[in-house]
Amino acid sequence: RLGMDIEAEPDLLWIAEQALTAPLPEGWEECVDGSGRVQFVNAGSNEKSSTHPLEGEYLLLYQFHHSEYEQQEREEQLMHEAAQKGASDQTSKYDHVNRSVIPVALTLDAQSFRYF
């Protein structure tokens, strides 16, 4: 119920594991109602819930870490795009240079020159 995609966010799996194994807060009991559904009941306040009493706290914990995870992915994507742009800038860095034939003299012998 956390909405976690464990394949996309395996680093956050620890939150789901903790949520599944979290002990009940003091005063809470796990019961099964007449329909066979699990219910959580607070004996002191007679409050009932179909979800673990700490589920909301684990949901907030997941949302916090998920937003950090998304931010990290965005930063990595931006860095990747910047690196690609930098590489393309390097290849186009000399596009403005006149590509006409520039004579470069290489001495082949005393009377001839080779041009590039």
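Colleague: In the hairpin that β1 and β2 form, which turn residue has a positive phi, and of about how many degrees?
Modeller: Five residues lie between β1 and β2 in this hairpin. Strands here are DSSP runs of E, at least two residues, and helices are runs of H or I, at least four, numbered from the N terminus. The turn residue with the positive phi is G36, at about 85 degrees.

Colleague: What kind of model is this?
Modeller: Residues are numbered from 1 along each chain as its sequence is written, and side-chain values use heavy atoms, without hydrogens and water. Local features need pLDDT of at least 70, side-chain atom pairs count only at pLDDT 80 or more, and totals for chains, interfaces and linings use all residues, as this is a predicted model.

Colleague: How many bridges pair β1 with β2?
Modeller: Two strands pair if DSSP finds at least two bridges between them. β1 covers residues 28-32, and β2 covers residues 38-42. W28 stands opposite N42, and C31 opposite Q39. The antiparallel pairing runs over five bridges.

Colleague: Which strands are the edges of the sheet?
Modeller: Three strands form an open, antiparallel sheet in the order β1-β2-β3. Two bridges join β2 to β3, residues 48-49, and F40 has S49 as its bridge partner. An edge strand pairs on one side only, which holds for β1 and β3.

Colleague: How many residues of β2 are buried?
Modeller: Buried means under 20% relative accessible area, exposed over 50%, partly exposed in between (1.4 Å probe, protein chains only). β2 is mostly covered. Of its five residues, the buried ones number four.

Colleague: What is the relative accessible area of N46, which has a positive phi although it is not a glycine?
Modeller: Most residues other than glycine have a negative phi. N46 has a positive phi of about 60 degrees. This residue sits in the loop between β2 and β3. N46 is exposed, with a relative accessible area of 55%.

Colleague: Which element gives the most to the largest nonpolar core?
Modeller: A nonpolar core is a set of buried Ala, Val, Leu, Ile, Met, Phe, Trp, Tyr and Cys residues joined through side-chain atoms within 4.5 Å. The largest has 10 residues, including L2, M4, L12, I15 and Y69. Both α1 (13-21) and α2 (55-92) give two or more. The most, three residues, come from α2.

Colleague: Which residues does Y69 touch, leaving out those up to four places away in sequence?
Modeller: Y69 belongs to that core. Contact means heavy atoms within 4.5 Å. With those sequence neighbours left out, Y69 touches A8, E9, P10, D11 and L12.
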